[in-house]
Amino acid sequence: MLVYPSGIDVSSSALRFLAQELRRHRRVIGSRWRRLSAGRQALLALAHLRVGHTYAQLAAGFGVGTTTVYRYVTEAVDLLAALAPSLADAVRTASAKAYLLLDGTLLPIDRIAADRPFYSGKHKRHGMNVQVLADPFGRLLRASPALPGAVHDVRAAREHGIVDALAEADIKCWADKGYRGAGGTVRTPCWGRWETLSTGQQAVNRSHAKIRALVEQAMATLKSWRLLRKIRCSTTRITCLVQAVLTLHLASSDQ
């Protein structure tokens, strides 16, 4: 395999954060010697998450075996996932906001046609459903654990406790028609075909669409990590990947 120098469009603060956490982890477990330093392991994990390079490509680029790459990436991802904010943390952060934006996204996976639980009728493809919370400026605050793509957004929000948590904290939340009937503090557009809505209802829907449009920025932030655009690992690992990406994003945003 040919090897060439390349770059990763990730801030240096994300690299420093991950390297620091890896060094701390190595001290805790008493790790004496590694094929790669903590900084190189952090760079390897970032290359996998951000660019989506395979284990074989990373092994060639870093001069280690594919098994070593797998172990190093898994270790870094699990470490980052454990640091991801919980729903309670996100709600506490959101308490200072005027309102929140809620939406669901489908992370594509390589499933066969027989895997119906992962097939999204809305998107006409297999994937995992992730619920995203963003602030009024479209900044990513929280990404939920992943559920099979066949799960509807409103059901996913309820299963994750998002609706109840926002209602208990009395935080208003704007969402699309997929959350119709959610209740609590979740606000959805007026239901019905555009031509059947009254002038007032159309005005309400226009205003609603303008408010929640910024949630797409949070979605774009999540999908900027190319590994999440087409996931080829076990579905049981997807939640850890999403939480790891969330931790890296929030860590670099705080710098």
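Two strands pair if DSSP finds at least two bridges between them. I also kept in mind that strands (E, at least two residues) and helices (H or I, at least four) are DSSP runs, numbered from the N terminus.

**Entry 1: ground rules.** I am working with a predicted model, where local features need pLDDT of at least 70, side-chain atom pairs count only at pLDDT 80 or more, and totals for chains, interfaces and linings use all residues. Residues are numbered from 1 along each chain as its sequence is written, and side-chain values use heavy atoms, with hydrogens and water left out.

**Entry 2: strand 3 and its partners.** I started with strand 3, residues 125–134.

Next I looked at strand 5 (residues 147–148), which runs antiparallel to strand 3 and is joined to it by two bridges. Here M128 faces P148.

**Entry 3: two hairpins.** Strand 2 (residues 119–120) is also antiparallel to strand 3, with two bridges, and S120 has R125 as its bridge partner. The two strands form a hairpin with four residues between them, and in the turn K124 has a positive phi of about 60 degrees.

On to strand 4 (residues 140–143), which pairs with strand 3 in the antiparallel sense over three bridges. I noted A134 and L140 as bridge partners. This hairpin has five residues between the strands, and G138 takes a positive phi near 85 degrees.

**Entry 4: how covered is it?** I checked burial, where buried means under 20% relative accessible area, exposed over 50%, and partly exposed in between (1.4 Å probe, protein chains only). Nine of the 10 residues in strand 3 are buried.

**Entry 5: V130 and the cores.** Then I zoomed in on V130, taking contact as heavy atoms within 4.5 Å. Leaving aside residues up to four places away in sequence, V130 touches D103, G104, T105, L107, A143, S144, A146, L222 and V242.

I also looked up nonpolar cores: sets of buried Ala, Val, Leu, Ile, Met, Phe, Trp, Tyr and Cys residues joined through side-chain atoms within 4.5 Å. The largest has 52 residues, and V130 is one of those that touch the most other members, a group including L18, L44 and I238. Helix 10 (residues 238–253) gives this core its largest share, eight residues. Domain 1 (12–83) and domain 2 (87–224) each supply at least three residues; those bounds come from an automatic or database domain assignment. A second, separate core has 19 residues, among them V91, A157, C173 and V186.
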